[in-house]
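Dear colleague,

I am passing on the structure shown below, and my notes on it follow.

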Amino acid sequence: MKENTDQDLVDAATNVRENAYAPYSNFKVGAAVEADNGDIYVGCNVESASYGLTVCAERVAIWKGISRGEKHFKRIAVVVDTQDLTPPCGVCRQIIWEFCGDVPVILSNLQGKTETVSAGELLPRAFDSKFLSNAHQSGQGTNRG
Ligand SMILES: [Zn+2]
């Protein structure tokens, strides 16, 4: 199994950031996730003239891994060219929780400033599948009589 460093992920995210399709915002983002087996999947943000269809780099990276058969990721890096390090948006925090759990999220910029936070810090009291299985099976709203 390949042993990656945090810097390996940051480098991969920095490189793929160049491929970002962000003609509307000029806000280019690169992300890299590390699967449990050490494979790294990268993604960049992809915008659309219909703004709402934009997909973030984090999700593109995770979707790539999932589509290759990965089930879980153990680390993610996000690189943005901002002075203040940019965390994942709310939607991506939910998706990171779904496919990674409480993993390290490495935030970095092009100047090499880096900070690692946990997914749990970014999304406290997260909603996930355990609530689906804990739902009351009382038949509320249905007529089972
Ligand atoms: Zn996002």
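Arg125 is found in the loop between helix H4 (119–122) and helix H5 (129–133), and in this predicted model Arg125 has a positive phi of about 50° although it is not a glycine. With 5 other C-beta atoms within 10 Å, Arg125 is exposed, because the count for an exposed residue is 12 or fewer. A second residue of this kind is Asn26, which lies in the loop between H1 and E1 and which, although not a glycine, has a positive phi of about 55°. Asn26 also counts as exposed, with 9 C-beta neighbours inside 10 Å. As background to both cases, most residues other than glycine have a negative phi. A positive phi, near 100°, is found as well at Gly69, which follows H2.

As for the overall layout, the protein has 5 helices and 5 strands, and read along the sequence these follow the pattern α-β-β-α-β-α-β-β-α-α. The C-alpha trace spans about 65 × 40 × 30 Å along its principal axes, and of the 145 residues of the protein 31% count as buried. Among contacts between residues at least 6 apart in sequence, 58% join residues at least 24 apart.

In soluble globular proteins, nonpolar side chains tend to be buried together.

Ala13 has its place in helix H1 and is buried, with 28 other C-beta atoms within 10 Å. If residues up to four places away in sequence are not counted, Ala13 touches Gly30, Ala31, Ala32, Val42, Ala77, Val78 and Val79. By contrast, Glu70 stands 57 residues from Ala13 along the chain, and the C-alpha atoms of the two are separated by 19 Å. Ile76, leaving aside its neighbours within four places in sequence, is in contact with Ala31, Ala32, Val33, Glu58, Ile96, Cys100, Val103, Val105 and Ile106.

How do helices H2 and H3 lie against each other, and what angle do their axes make where they cross? The axes of H2 (residues 57–67) and H3 (residues 90–99) come within 10 Å and cross at roughly 25°, which makes H2 roughly parallel to H3. The crossing of H2 and H3 is left-handed. On the H2 side the contact is made by Glu58, Arg59, Ile62 and Ile66, and on the H3 side by Cys92, Ile95, Ile96 and Phe99; by class, this contact has 6 nonpolar, no polar and 2 charged residues.

The buried residues of H2 are Ala57, Glu58, Arg59, Val60, Ala61, Ile62 and Gly65, and what covers them includes E1, E2, E3 and H3.

Methods
Residues numbered from 1 in each chain as written. Predicted model: local features only at pLDDT ≥ 70, side-chain atom pairs only at ≥ 80, totals over all residues. Axes fitted to C-alpha atoms, helices over the stretch in contact; angles between N-to-C directions. Helix = DSSP H or I, 4+ residues; strand = E, 2+ residues; numbered from the N terminus. Parallel < 35°, antiparallel > 145°, perpendicular 65-115°, else oblique. Left-handed = near helix turned anticlockwise from the far one by under 90°. Contact = placed C-beta atoms within 7 Å. Nonpolar A, V, L, I, M, F, W, Y, C, P; charged D, E, K, R; others polar. Buried ≥ 20, exposed ≤ 12 C-beta atoms within 10 Å, placed from the backbone.
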